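This report describes a contact between two chains and part of the fold of one of them. The sequence and structure are shown first.

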Amino acid sequence: MTEFTTWDILRNLLLAARWTVLLSVVSFIGGGIVGGLVLFARTARAVWLRRLAQGYIELFQGTPLLMQLFLAFFGLGLFGIDVPAWLAAGVALTLWTASFLAEIWRGCVEAIPKGQWEASSSLAMGYFQQMRHVILPQALRIAVPPTVGFSVQVVKGTSLTSIIGFVELSKAGTVVTNATFLPFTVYGFVALIYFALCWPLSKSSQILERKLNVAHRNH
Amino acid sequence: MSLIAITEVRKSFGSNEVLKGINLDVDPGEVIAIIGKSGSGKSTLLRCVNGLETIDDGSILVAGAQLLPDDLHLKALRLKVGMIFQGFNLFPHLTAGRNVMLSQMVVKKTAKAPAEEMARKMLDRVGLGHKFDAFPDQLSGGQQQRVAIARALAMQPIALLCDEITSALDPELVNEVLAVVRELAAEGMTLMMVTHEMRFARDVCSRVVFMHQGRVHEIGPPGEVFANPKTPELRQFLGAH
């Protein structure tokens, strides 16, 4: 039987962790873009747009991420569309991330006092001008800490994509365990690597919160 | 022709009718003080003139153009009529100068240099030329309100609506804001102001409107309204002040 050194285990896990990082980054950026669009729809004046955005958010927040991954991967397969695991994982995580970011950011937009909308309206600004020049610059400041905080959920959420066969950190952990029969060591390392990814994010979220609160002198 | 013509305006919030058929014509250069108890509808009336509230019935004409609730008409109206609020509502993330420049550049598409020139001129006019680079939270309430006035003036409106603009100020800061308004009035700016400053209304305004329970209860030159109130409601209101 082949002997595996600790370095063999760790090396393989670290190589797979690249995919966890890549998937996290792609989902977060994609989710940010889609989330931004959903945010505009969610705060729009047109009622049907608001309803549509609300329905989207409720659907994706009200179902487990795992089911969304299954539907993206197997569901489309039923229609004869062959979806590779990486694509299904990326799409499902992006849509899931977007639903949460849109709702986090909506809270930030609504935290801006009504007087800011009224003052900019009275200066003849339109909705997009108000958002671009008055509301979002202020909302952004309060949005940074919860947004960075949520990125931790995205990193951990990528572990679910192992179920549909995407080889990232968790899947690699399973594969390596099957080869080495050392589950405690392997999953211990897996957990440590996740922690190394997530902890700096949570910590920076806390630091940003403190820093931006000081800068946000008006409240 | 009157600059602002308010005809039979009605407005309800739910089942509560706040404005019950308001008629008021404001001539160019007139300074109108709107007084009355809280809940009499005076602020709502002012907000209707700027399109911040939609009216249920009647009509409002500003310089001959009808106030309609779609974006295009509202924008045209708001280019003519500026508004100043009780809570200043300066943009806290921008300096005083930037506050005054923003809508010129965004709405009127004025280039940066002339917008800045205009902003400096308007801040000078309210006595705050030296505060161009100060952020709102570095200014006193009175200074913030004067920046808000400069911000509205920079759009070159033909009329200004003032909604209790001194009510949120400490007593010693009220006068610096009223002095600016007094100057505007002397220069011929058309003003509609909801105010609790009776002395100011008496000294500066051309007409005083007393609102009571959603109606214009009494109207006339300040000398008349303050010296000979015709209705018991106004007598009581003035007595309380």
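The contact takes 20 residues from chain B and 17 residues from chain A, two residues being in contact if their C-beta atoms, placed from the backbone, lie within 7 Å. The model is predicted: local features need pLDDT of at least 70 and side-chain atom pairs count only at pLDDT 80 or more, while totals for chains, interfaces and linings use all residues. Residues are numbered from 1 along each chain as its sequence is written, and chains are lettered from A and ligands numbered from 1 in the order in which they are written.

On the side of chain B that touches chain A, two or more residues are given by each of the elements tabulated here. Helices (H or I, at least four residues) and strands (E, at least two) are DSSP runs, numbered from the N terminus.

| Element of chain B | Residues |
|---|---|
| helix H2 | 71–80 |
| strand S6 | 81–84 |
| helix H3 | 96–106 |

H2(B) supplies the largest share of this side, four residues. By class, the side comprises ten nonpolar, six polar and four charged residues; Ala, Val, Leu, Ile, Met, Phe, Trp, Tyr, Cys and Pro count as nonpolar, Asp, Glu, Lys and Arg as charged, and the others, Gly among them, as polar.

Chain B also holds an open sheet of four strands in the order S2-S1-S4-S5, with antiparallel pairing; two strands pair if DSSP finds at least two bridges between them. Its edge strands, S2 (16–26) and S5 (65–66) of chain B, each pair on one side only. Strand S4 (residues 57–62) of chain B pairs with S5(B) in the antiparallel sense over two bridges, and Leu61(B) stands opposite Gln66(B) in S5(B).
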